[in-house]
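I opened the model to look up a few helices and some backbone angles. My notes follow in the order I took them.

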Amino acid sequence: MKSMFYVSICLLLAMAMLLGGCGSAAANELNAVNVEKAEADPKALSDAANNTVANFALRLLNSCEAEGDTLISPTSILCALAMTANGAEGETLSEMESAIGMSIDELNEYMAAFLAALDNSEGSRLSSACSMWLREDPALKIKEEFLGKNARYYDSSVFTAPFDASTLSDINSWVKKNTGGMVDKILEEIPDAAMLYLINAVAFDAKWQSVYTENQVEPGTFTNAAGEDKNVDFMDSREYYYLDDGKATGFLKYYAGSHYAFAALLPNSGVALEEYIAGLSGEGLRAMLTEPQNTAVIASLPKFDSSCSLELSEALRTLGINELFDPGVAELSGIGRYADASLYVSRILHKCH
């Protein structure tokens, strides 16, 4: 039995004016951005930096509104935001840095070290891929420095494309390929105003270190946060990494190779799920996860399959990122321009499975 987790994020940068039609040629990958990849510095993954990222993740989670389950990949979102911030200036950049809690230079160094540290061993594969898709239009001028910086820190592929039906298919195929087929598409259409897509896809495919056997799976009744009883299959096990922060208890279950672990937390009786999440801090969460107690835990985990689609612009506005989404206000001249029109971010799409 395997546990899988796949994520894709797409940032759409658009103009404040509509464009005409486009051609039908296939996407063309640029080879011009051959820059030396940034050397990862493990010191960038300090406790302070990790706490900052964890705090951003929790603040973003609390700001998201989804129908059903809420699933996010904070580091995937940070990859795409950092790629965008590499072309931001003035107050637009200041808002992004303030919301994230790091300068763009610090974030680039952090993400480079984080991505370099990903383990891709047999039985425990975690990968991240970035790409940029540029509209094939001579009026669109993208700065080489912007492309180079994202290639240097994020190993981002760069494609030029006509932004027609073939491009829609190409982008969705790229997402499907780089998420192991679990997210089959990110876009339903390409608006006429679209100039540039920044995409990050994360795929995680791992086996449990201690695999559940058939006799550890049995039917039962699970009561969800809304008080509804559901008939499910429970995976029963004895775990040895106990979690307790005074408001919730749980356990860690490692994947093959012990590089990654699944954390399950159950709020104590009388503590509402929303209340518990709202009260979490990055420092507190990391302290609990990195210092589990060596205590036997009798665990029954319901088998589940869940997906989530989010548009994150309003959630990020809640965190203080506003100018990025305002036509005529966003300062993204570090990315480039279309004729005399400036760029802004119109949508941030995030899919998880």
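Which residues are buried in helix α3 (residues 90-100)? I note that this is a predicted model. I found Thr92, Leu93, Glu95, Met96, Ala99 and Ile100 buried in α3. I then checked how they sit around the axis: they cover an arc of only 160°, which puts them on the same side of α3. In general, an α-helix has 3.6 residues a turn, so residues three or four places apart point the same way.

Next I asked what covers the buried residues of α3. The cover includes α1 (47-63), α2 (74-85) and α4 (104-116). I also looked at the residue that follows α3, which is Gly101, and its phi is positive, near 100°.

**Entry on α1 and α2.** Two packed helices are described by the angle between their axes and the distance between the axes. I looked up both values for this pair: the axes of α1 and α2 come within 10 Å and cross at roughly 100°. The range for roughly perpendicular runs from 65 to 115 degrees, and α1 and α2 are therefore roughly perpendicular to each other.

Which residues of α1 meet α2? On the α1 side I listed Val53, Phe56, Ala57 and Leu60, and on the α2 side Pro74, Ile77, Leu78 and Leu81. I sorted the residues of this contact by type and got eight nonpolar, no polar and no charged.

**Entry on Met111.** I picked Met111, which lies in helix α4. Is Met111 buried or exposed? Its relative accessible area is 0%, so I wrote Met111 down as buried. Setting aside neighbours within four places in sequence, I found Met111 in contact with Thr75, Leu78, Cys79 and Tyr154. Leu78 is also listed among the α2 residues that meet α1. I took one distance as well: the C-alpha atoms of Met111 and Lys185 are separated by 25 Å, and the two residues are 74 apart along the chain.

Most residues other than glycine have a negative phi, so I looked for exceptions. Where is Asp155 placed? I found Asp155 in the loop between α5 (144-154) and β6 (157-161), and its phi is positive, near 50°. Phe163 is not a glycine either, and has a positive phi of about 60°. This residue lies in the loop between β6 and α6 (165-178). I checked the accessibility of Phe163 too: at a relative accessible area of 3%, Phe163 is buried, because the cut-off for buried is under 20%.

Key: Residues numbered from 1 in each chain as written. Predicted model: local features only at pLDDT ≥ 70, side-chain atom pairs only at ≥ 80, totals over all residues. Heavy atoms only, no water. Helix = DSSP H or I, 4+ residues; strand = E, 2+ residues; numbered from the N terminus. Buried < 20%, exposed > 50% of the residue type's maximum accessible area, 1.4 Å probe, protein only. Arc of directions from axis to C-beta. Contact = heavy atoms within 4.5 Å. Axes fitted to C-alpha atoms, helices over the stretch in contact; angles between N-to-C directions. Parallel < 35°, antiparallel > 145°, perpendicular 65-115°, else oblique. Nonpolar A, V, L, I, M, F, W, Y, C, P; charged D, E, K, R; others polar.
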